[in-house]
Structures are given as C-alpha cells and as structure tokens.
Amino acid sequence: MSDLKYTEQHEWVRVNDGVAEIGISDYAAEQLGDVVYVELPDVGRTVEQSGEIAVVESVKAASEIYAPVSGEVVEVNGALDDDPATVNAEPTGKGWMVRLKLSNEDELATLMDADAYKTYLEGLE
Amino acid sequence: MRYLPHTPQDRAEMLARIGAANINELFKDVPADALLNERLDLPMAASEMAVERQLSAMAAMNTAAGTVPFFIGCGAYRHHVPATVDHLIQRSEFLTAYTPYQPEISQGTLQVLFEFQTQVAALTGMDVANASMYDGSTAAAEAVMMAARVTRRQRTVLSGNLHPHYRDVILTNGTYTGEAFVKNSPQVTDDEDLAAQVDDQTAAVVVQNPDVFGNLRDLTPLAEAVHAKGALLIVVVTETVSLGMVKSPGAMGADIVVAEGQSIGNGLNFGGPYVGLFATRQKYVRQMPGRLCGETTDADGKRGYVLTLSTREQHIRREKATSNICTNSGLCALAFSIHMTLLGEKGLRHLAALNHAGAVALAESLSEVPGVELMTERFFNEFTLRLPKEAQEVVEALTEKGILGGVRMSRLFPGDDTMDTLVTIAVTETNTPEDFAAYRKALEEVLS
Amino acid sequence: MNRQGRPTQPVASSAPEGLTTFSGNKGLQLEEALIFEIGTTQTTGVDLADLPANAKSRIGDLARTDEIGLPGLTEPETMRHYVRLSQKNYAIDSGIYPLGSCTMKHNPRLNEKMARLPGFSDIHPMQPQSTVQGALELIDTLAHWLKVITGMPAVAMSPKAGAHGELCGLMAIRACLEARGDARVRVLVPESAHGTNPATAAACGYKVDTIPATEEGRVDLEALKAKLGDDVAALMLTNPNTCGLFERDIIEICEAVHGAGALVYCDGANLNAIMGKVRPGDLGIDAMHINLHKTFSTPHGGGGPGAGPVVLSETLAPFAPLPFVVVTDGTFSLAEYAPEAEAHGAQPFGRLTAFHGQMGMFVRALSFMMSHGSDGIAQAAEDAVLNANYIMASLKDIMTASFEGPCMHEALFDDRFLKDTDVTTLDMAKAMIDEGMHPMTMYFPLVVHGAMLIEPTESESKQTLDAFISTMRQLVEAAKAGETERFTGAPHFAPMKRLDETAAARKPVLRWTPEENASHSAAAE
C-alpha cells in the first residue's frame with residue numbers, strides 16, 4: 001500500500017518506470033457501491049492533472065475519475081468491461097483503470113501518501 | 001366538483017389538525033400582492049354532460065378520416081386498429097400507472113417494454129431498441145446527437161428527401177450544440193449522391209426510406225461508403241408497416257434506425273401522441289438516449305424486469321446525460337406492442353402486402369389520367385404524382401368533392417417551385433376499391 | 001339421497017412453510033411468459049382481406065426475405081397476455097400514489113371518451129386546414145385557458161412532454177438573447193432542480209452553474225446574486241420548488257435576474273399547488289412549461305405520453321417555435337413555416353416536432369379544465385396543498401420534516417428519524433409496497449439525505465389520507481422498535497421480491513433472444 005499516492009477525490013496512483021497506474025481507493029469503492037461499468041479513455045489520449053479520465057458507474061450514480069497526474073494513456077484495463085465488480089473487490093490491485101506515461105514527475109509531490117490520505121479520510125468522517 | 005372528495009367539514013377538520021385558521025395561511029409564503037383574490041376569468045365548473053356537448057361540437061367541425069375516401073400520409077398513416085388494442089390500453093393498471101420506478105409493483109409495464117424493445121429491434125433489423133421516444137422526428141434528432149457522441153464528430157449530411165419537418169427538428173436541435181449540417185434539395189426522382197458528401201469529419205448521414213415522396217432505395221452502397229469514412233448511417237422510417245415487406249434498415253447496414261411507430265396501434269390524433277422508435281447496434285448501447293428496460297432476477301431468483309443503464313439519463317447524469325428526455329410515449333408503445341402481437345409476423349407481412357397492392361393499383365390507375373405522371377418508380381404504400389395543374393388547386397378541388405386526396409408537396413416545401421405540381425398519395429388497407437374509383441373519377445373531373 | 005355433499009365450513013389454514021404451487025401461480029397472481037415464448041410467427045389475431053388476385057409488386061429486390069422474428073397471438077390469447085400483465089401493476093385507480101413531483105391524481109374517464117371522438121382522434125395533421133377547424137379551435141381554446149391560468153401572454157403548444165417544454169423555453173431564451181446580439185454562456189440551476197433542467201441547459205449549449213439552497217430549502221438569493229453576471233443567460237428554477245416550498249423571494253429573484261439582462265425559466269412541474277391561486281406571470285417568470293399529464297390529469301400511461309406546452313412572456317413570445325395556430329376573422333390556420341410566421345411578426349427559433357403537438361392530450365386536458373372551471377381549479381390547488389399539509393402535520397412528530405412549513409402540495413421528509421434503526425429510505429418505501437400503497441418519491445431532491453417526498457394530490461379523500469397516515473405511523477414505529485425484518489427484505493407480499501438492478505446493469509439483457517429461450521427451458525426442466 002505504501003507505494004500508492006492519493007488525491008482528495010480518492011484516486012490513487014502507483015508509478016513504475018515512468019508509467020502511472022491509476023485507480024480508485026478502497027474508500028471510494030466502498031462509497032460508490034456496486035460498480036456496474038467503467039468508461040475508459042482511448043489509448044493515446046493525453047490528459048492534464050485533474051482532468052477527467054474515466055467514469056465509474058454504479059446503478060444510481062456516475063462518478064468522474066480525475067487524473068492524479070498528467071500524461072498520455074498507454075493502456076486501459078479492458079478486463080473491467082467483462083467484470084466491473086473487480087473495482088469493488090480489488091480497487092487498488094486488479095481494479096486499476098488506466099496507465100499513463102507520466103509527463104511531469106513533479107506532480108507526484110502534490111499528492112498524499114498513504115498516511116496523509118488516512119488522516120484526510122478521518123477528517124471526512 | 002365531482003372530482004374533489006372533501007366536504008367543507010373535512011376541510012375544516014384538516015385545517016384544525018394543521019393549526020391553520022384558513023386555507024390562505026398555507027399560502028403565506030406567496031408574496032401577498034401575487035395571491036389572487038378573485039377567481040380567474042374562465043367559465044365555472046361544468047357537468048360531464050355540458051363538457052361532452054361543447055367538445056363534441058368542436059369535434060363535429062372536423063372531417064374525420066373515416067368518413068371520406070382518405071389518402072393522406074407524409075409521416076402519419078391511417079391504419080385499422082383492432083378493438084382489443086384500445087380496450088387493453090385503457091385498463092386502469094396500464095393507463096393510470098406512473099413510470100415503473102418501483103419494479104416490484106410495475107412488472108406489467110416493464111415486461112411490455114421488454115417485449116416492445118425486442119419487437120422494435122426485430123422489425124428494424126437491429127440489435128437493441130429503447131423504450132420509446134416522443135415521435136419519429138424527435139427520435140431522428142436524438143439519433144443525430146448520438147452519432148456525434150459516438151464518432152466525436154459534428155458534421156451531418158441530411159438527405160434532401162427527408163421529411164422536411166424531420167429535417168427542421170434535427171436542425172433546431174442542432175442549433176446550439178455546434179453541429180454542422182450539409183443540406184440537400186429535395187428530388188422527387190431520387191438521384192441525390194449522398195455518398196460523395198461523406199468525408200472523414202462526417203458523423204452521420206441521415207436518409208429516409210421510403211423517402212418523403214415514397215421512393216424506396218437500396219441503402220447498402222451508401223452504408224458502405226459511410227462506414228468507409230468512419231461515420232454512421234441513420235435511417236428514418238416514417239411508415240413502420242413498410243418494414244413488413246421491405247428489406248430492413250439493419251440488413252442494409254444502418255447504425256441507428258429511428259421510426260414513427262404511429263402506424264401500428266395508434267390513431268392519427270392530429271399529429272400526436274405518437275411513438276418514436278429508436279434502435280441501434282449493441283456496441284452503441286451506452287450512448288443511446290431514453291429509457292431502457294432490462295431483464296434480471298429478483299431475490300428469489302425469479303425472472304423480472306427493471307429500468308436499467310439509468311446512468312445515461314438526466315435524473316442521474318444531469319448536464320452530462322445522453323438526452324434530457326424523461327416522460328416518453330409509454331402508452332403508445334403499449335398500443336404498438338399489442339397491435340404487433342395481434343398481427344404477428346404473418347399478419348404484418350399480409351398487412352404490408354395489402355397496403356402495397358392497393359398503392360400500386362391506385363398509382364397505375366391515376367397515372368392513366370391524361371396529364372398525370374407517376375414520379376416514384378419503386379415505392380411501398382405512398383407515391384407521388386406530377387399533375388398538369390398546381391397541386392394546391394387540385395387538392396382543394398378534391399376536398400370540395402369530399403375526397404382527401406393526398407398532401408401537396410408545396411405545403412411541405414414552400415418556396416420551391418419544383419414542388420408546385422406534385423401531390424403525394426398514401427394508400428392503406430382501410431381504402432376500398434370504391435375509394436379508388438371515386439378518386440379516379442374526381443381527379444378526371446378536376447383536371448378536365 | 002344426494003351423496004355429493006361438500007364441506008362448506010372454512011378450514012383454518014395457513015400455507016405450510018415452503019409450500020409452492022406446481023404452476024408457479026398464486027391464486028389470482030398469474031405468471032405470464034413472454035410473447036416470444038408463447039406465440040409463433042405463423043399465428044395471427046387479425047383477419048385481413050385476401051390480396052387481390054392481380055396484385056402487383058414494385059418492391060423488386062428490396063423485398064424482405066429474412067424471418068423478422070415477430071410472434072403473433074390469437075385474439076383471446078392476446079387479451080389474456082396483457083390482462084395478466086396489467087394485474088402486475090399498481091395504478092392510481094388502485095390506490096394512493098403519493099409520488100412527489102409527479103402529481104398522480106385521478107384520471108377522469110370523460111377525458112378518454114372525449115379524446116376518442118373521431119373528430120379528434122381520426123384526423124390527420126396534414127389534412128387541409130379547412131377540414132380541421134374544430135381541432136385548431138380546440139388548440140386555441142386550450143391555449144387561452146393556459147394563458148389565463150398562468151397570466152402569461154403567449155403559449156407554445158407543440159412540446160411533447162415537460163423536458164421537451166424545457167428545451168422549448170431555453171431555445172426561445174437563447175434565440176431572444178442572440179437576436180439582441182447578446183450571446184451568453186451560463187445557466188444557473190438550483191441544486192434541488194430536476195435532472196431535466198441541467199440536461200436541457202446542456203442540450204442548448206449552455207454551461208450549467210449550480211446555486212446552493214438555504215437552510216430553509218429555498219434558493220439562496222445572495223448566492224444567486226453573486227453568480228449573476230453578463231454571461232448568464234437564464235435562471236431555471238422550480239416554483240413551488242422540489243422541496244415542496246414556495247420560493248418566498250421569487251419577485252426579488254426575478255428582478256435580480258432581469259437586472260442582469262438574463263431571463264427566468266420556471267419548471268412548471270408543481271403548478272398543481274398554485275393554479276387559480278398565483279399566476280407565474282405576476283411573479284416575473286419569462287417561460288414555464290406545463291405538464292398536462294401531471295396538473296391536468298392526462299394519464300401517465302406507465303411513462304407517457306405527456307404534453308408540455310410552454311407559456312411565454314412578451315419578451316419571448318415572438319420566438320415561439322413552429323407551428324402555431326393563427327386566428328383571422330374567426331378562421332383558424334396554422335403557421336407552419338418561417339415566412340408565414342414572419343408575416344405575423346414572429347421570429348420562430350425552429351421546430352420541435354413533426355406535427356402540432358399532443359392533440360390527444362390537449363383534448364383530455366381541456367376536458368379536465370372545463371370540468372373544474374375557474375372555481376374548481378382553485379379548489380383543486382387548495383385541496384392539494386391542504387392534503388400535503390395534513391400529512392405533514394400528522395407525521396412530523398415521528399418522521400423528520402426537512403424544512404419548516406407550511407409546505408405547498410408536497411411534504412418533504414428526510415431519513416434522520418431512521419438514524420440507528422438499520423432501516424433506510426429504500427426499505428421504508430418497499431415496506432409501503434407490502435402495505436398496498438405506492439411509495440413516495442425517494443432520494444429526491446438531492447439537497448436532503450434519504451429524501452421522502454410525499455405528494456398526495458387533491459384526489460385523495462380524508463379517509464384515504466387517514467389510513468395512509470395511520471399505516472405510515474405504524475411503519476415508523478416498527479422501524480424505531482427494531483423490527484428490521486419487516487423492512488430489509490421488503491416487499492414480502494408483492495408479485496416480485498426486490499430485483500437485482502446491479503446484475504441488470506452489469507450484463508444488460510435488453511431484448512429476448514432465441515438462445516435465452518433455450519436456456520430458460522433447460523432451467524425449467
């Protein structure tokens with residue numbers, strides 16, 4: 001868990017070799033309820049930090065997912081099309097949504113680490 | 001007032017429970033100046049008999065289609081609706097229910113919608129259909145907007161032989177959304193080349209089949225040209241009965257099919273309410289407008305139906321919804337579905353064949369009248385004649401003789417003088433050989 | 001001696017645990033398969049004339065040769081199929097239907113009878129206008145009633161439902177602003193608005209900007225003023241609003257909006273509370289749609305058809321869409337194209353539908369209005385407001401009213417009274433189904449938590465309201481007493497248990513297919 005960085009909108013990002021893997025936090029997955037569909041972006045699209053990058057749908061709600069960092073979409077998790085419940089089951093693992101080629105590593109510094117996010121969540125209660 | 005149950009004593013007791021001295025205390029948030037002190041300048045309450053008398057008098061001033069030889073089409077068609085249909089749609093449980101938001105006590109409406117969606121998909125030759133739109137024209141406008149979402153392009157090519165009211169509804173809906181339209185002029189002989197107008201910025205081509213003059217065409221080559229540029233083909237059908245006889249838009253390569261479903265189960269009603277049909281390919285389901293009913297199971301594992309994929313809709317997605325539509329044409333869809341069930345495939349094919357045979361017979365008969373020329377070579381139940389006089393004059397003269405003989409194209413295309421002598425004539429199973437003979441005789445008299 | 005004697009005394013019995021019927025039916029509750037499972041493509045329930053012997057075809061190679069896949073049923077089978085399905089629906093004719101924001105009132109059958117007069121139902125929208133003078137007069141008469149009721153000078157009749165009316169109103173606003181050379185980009189929408197409002201604004205190319213509500217459940221006038229600017233085209237508000245409250249500051253709100261050069265659109269969904277009591281035209285409204293299927297009782301039909309005429313102020317009247325009825329020396333005609341409209345001084349923004357609007361609904365609505373008359377219309381509004389306040393007064397001690405009353409025609413509660421009960425708003429709604437009542441609107445408006453919006457309408461008698469109140473009180477007490485089993489699995493007694501909406505959305509099955517039929521038959525064996 002400690003390799004994840006979080007946003008205030010409950011996205012997480014994990015960076016490997018300049019590629020940022022993005023998904024939603026356990027907290028967000030719990031709040032959304034049963035995920036029924038994830039609308040993913042086209043590969044090749046570039047997105048700015050905080051730009052809309054995906055939409056997660058439950059039966060009665062649709063929530064935009066914002067990019068924690070800027071970059072170009074290099075891969076999307078097509079497995080979610082067949083089994084969107086993975087987002088609920090493993091939000092920070094197999095439930096990842098998008099992989100971006102990072103365009104500005106400095107943006108990572110603007111995100112919360114796991115401890116800071118935990119504190120942030122406690123503040124929301 | 002017969003619809004209001006409270007007695008004065010009920011009202012007094014209720015005000016007492018509320019703790020209000022009089023009814024206007026409950027309106028205390030209304031600015032005092034705006035609260036009306038006197039009644040509106042309108043007639044007082046009327047008995048059932050009195051209302052019936054007044055409205056019947058207004059109705060009697062109109063010429064009901066069933067009372068004369070009647071040949072008007074152009075987007076609405078007079079077909080026979082079995083008595084069973086009207087009886088069933090007036091059952092309280094269908095007529096006076098709301099949108100099925102509580103599925104446990106709305107399975108009647110929901111199963112009907114599931115059956116309706118399946119019937120529409122089969123009829124149009126498509127994968128999926130929604131639970132209805134307002135009418136064919138608004139369905140067409142929604143299709144154009146959907147094609148823009150699917151392709152992320154904003155240029156739409158409109159056939160000149162699209163019903164001009166449909167064209168105008170599409171243009172109006174596109175006025176403020178940044179869409180660009182390529183318009184074509186109407187050509188009764190149907191030789192427009194739409195394929196040549198498709199480029200790699202084109203979202204969709206909209207074409208009507210049969211077109212507003214009645215022409216049928218094979219859209220397969222157009223579909224291929226459209227797909228080659230990554231655009232979508234939207235096919236509009238205003239006479240749904242044609243689908244019982246004519247190759248389906250789906251089989252010709254359509255990506256979205258929109259249709260006016262009035263012909264099946266619904267009366268003319270002076271233009272509404274009607275029922276818009278909307279069908280597309282499975283891969284575009286999430287871009288569809290309107291309600292969708294889907295199959296699922298209940299807590300006991302029993303099969304049932306719910307409204308689904310609601311995240312596309314305005315009540316959840318708000319400004320990002322695929323459409324603003326909420327109330328649609330539920331009861332008209334029910335009428336459509338019941339009539340289609342009564343017909344069945346066998347009945348629909350036979351009905352279509354009767355319509356076609358009648359139209360061919362009348363077209364051939366009328367085109368024998370001196371000076372009259374049949375302009376539509378291949379048609380279903382509607383065709384266009386060129387007359388040796390202005391069509392307006394002829395249609396009016398026929399009306400004088402008690403025959404509602406068709407639509408003069410100058411009404412649909414005002415200002416286009418190539419339309420002045422054209423009249424478009426629809427024939428359905430309701431027309432008799434006597435109607436045909438009367439039309440022929442009257443036309444000969446008017447033109448002589 | 002007659003040896004056929006039968007026991008005629010009832011035998012005390014409750015169904016043994018787990019007993020099911022062989023057929024799956026339960027007495028009068030009959031299961032019904034899909035038409036695709038019971039019909040065939042070779043069955044038909046209509047008798048049509050034979051084809052003429054010499055019938056010719058002009059279809060050529062465009063003939064449809066594939067099997068379409070449309071099953072037919074004979075007439076008696078058709079009757080049973082749909083009657084059985086109808087019996088699985090709740091309806092206003094069966095009982096109270098207190099759906100907030102929906103105005104589910106009595107649907108008089110006189111209206112149905114009038115709409116079916118051949119002079120209205122069997123006329124074609126493209127008939128020569130000389131043959132439909134009565135129909136045009138009816139539209140004009142209805143227009144007059146709507147204008148008088150709302151105190152507005154003009155009305156666009158063609159919109160097909162409320163959301164279509166919103167589109168009409170906003171397009172008129174945009175056309176008007178553009179005619180002034182003053183294109184603007186933002187539309188302000190209160191957070192309590194119906195979803196159609198922001199969806200409509202977006203469909204007109206506007207950016208939606210949300211205004212917060214005050215703690216009293218009304219538009220925050222100061223927040224509104226702060227958001228106004230020369231890029232704001234319109235405010236879309238609902239009055240009475242979706243919390244069931246009259247916007248007390250409505251006149252100041254409209255003045256502020258007009259002062260900023262913008263226009264006021266009012267969502268007329270809640271006209272039932274104020275007809276005959278307050279005229280929107282006196283408040284400063286520029287455009288408002290009227291849901292004929294709510295306020296004027298043209299039936300909802302399980303989701304339409306509706307009708308959404310839009311009344312317009314002097315400012316917006318010239319921009320009304322085509323077509324419209326024109327009266328000249330007692331003769332009615334239709335302006336169907338821009339040149340005809342311009343001859344009458346109009347600048348229509350376009351056309352919204354193929355023909356002239358929902359004529360069938362117009363007849364029903366006029367029949368309903370004429371029956372009420374000006375006296376009955378005001379009385380209906382008063383009774384609707386009275387009924388809602390009666391419910392509010394009778395339940396607010398054990399449920400939590402979201403805002404201080406009086407309310408207008410609907411009473412809003414939230415789920416604070418369910419705190420620590422393990423019962424949710426949804427559970428409460430489903431338990432109401434078991435009690436034979438349609439639930440109220442739930443989880444709307446969004447401005448309160450777990451909303452329960454109750455709109456009884458004027459059609460409910462005091463007796464019905466008392467029964468409703470009594471049942472609600474017992475349900476609330478049961479929830480607070482921890483009888484969760486009554487709620488969490490509810491409905492227990494409806495034709496269906498709770499349906500799996502998650503599965504429906506994850507793997508959408510939107511039509512019947514032959515493959516599905518095969519899998520069902522296999523499962524049944």
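The model is predicted. The crossing of helix 2 of chain B and helix 11 of chain C is right-handed. Helix 2 of chain B contributes Val51(B), Gln54(B) and Leu55(B) to the contact, and helix 11 of chain C contributes Val363(C), Ser367(C), Met370(C) and Ser371(C). Four of these residues are nonpolar and three are polar, with no charged residue.

Helix 11 of chain C also packs within its own chain, against helix 5 (residues 133–150) of chain C, at an angle of about 45 degrees and with the axes 10 Å apart. This angle makes helix 5 of chain C oblique to helix 11 of chain C. The crossing of helix 5 and helix 11 of chain C is left-handed. On the helix 5 side, the contact is formed by Ala135(C), Leu138(C), Ile139(C), Thr141(C), Leu142(C), Trp145(C) and Ile149(C). On the helix 11 side, it is formed by Met359(C), Phe362(C), Val363(C), Ala365(C), Leu366(C), Met369(C) and Ile377(C). By class, the contact between helix 5 and helix 11 of chain C has 13 nonpolar residues, one polar residue and no charged residues.

The contact between chains C and B takes 177 residues from chain C and 167 from chain B. Helix 11 of chain C supplies the largest share of the chain C side, with 24 residues. The side of chain C that touches chain B divides into 92 nonpolar, 57 polar and 28 charged residues. Between chains A and B, four residues of chain A are in contact with four residues of chain B. The chain A side of that contact has two nonpolar and two charged residues, and no polar ones.

Chain B contains 13 helices and 13 strands. The C-alpha trace of chain B spans about 80 × 55 × 50 Å along its principal axes. Of its 448 residues, 63% count as buried. Among contacts in chain B between residues at least 6 apart in sequence, 73% join residues at least 24 apart.

In helix 11 (residues 391–400) of chain B, the buried residues are Ala391(B), Val394(B), Val395(B) and Leu398(B). Viewed down the helix axis, these buried residues fall within an arc of 95 degrees, so they line one face of the helix. Their cover includes strand 12 (407–408), helix 12 (409–412), strand 13 (422–426) and helix 13 (433–447) of chain B. Helix 11 of chain B is followed by Gly402(B), which has a positive phi near 80 degrees.

Tyr77(B) lies in the loop between helix 2 and helix 3 (83–89) of chain B. Tyr77(B) counts as buried because it has 26 C-beta neighbours inside 10 Å. Leaving aside residues up to four places away in sequence, Tyr77(B) touches Glu239(B), Gln262(B), Ser263(B), Ala426(B) and Thr428(B). Tyr77(B) and Asp168(B), 91 residues apart in sequence, are 21 Å apart in space, C-alpha to C-alpha.

Key. Residues are numbered from 1 along each chain as its sequence is written. Chains are lettered from A and ligands numbered from 1 in the order in which they are written. This is a predicted model: local features need pLDDT of at least 70, side-chain atom pairs count only at pLDDT 80 or more; totals for chains, interfaces and linings use all residues. A crossing is left-handed if the near helix is turned anticlockwise from the far one by less than a right angle, and right-handed if clockwise. Helices (H or I, at least four residues) and strands (E, at least two) are DSSP runs, numbered from the N terminus. Two residues are in contact if their C-beta atoms, placed from the backbone, lie within 7 Å. Ala, Val, Leu, Ile, Met, Phe, Trp, Tyr, Cys and Pro count as nonpolar, Asp, Glu, Lys and Arg as charged, and the others, Gly among them, as polar. A residue is buried if 20 or more other C-beta atoms lie within 10 Å of its own, exposed if 12 or fewer, and partly exposed in between; C-beta atoms are placed from the backbone. The arc is that of the directions from the helix axis to the C-beta atoms. Axes are lines fitted to C-alpha atoms, for helices over the stretch in contact, and angles run from 0 to 180 degrees between N-to-C directions. Angles under 35 degrees count as roughly parallel, over 145 as roughly antiparallel, 65 to 115 as roughly perpendicular and the rest as oblique.
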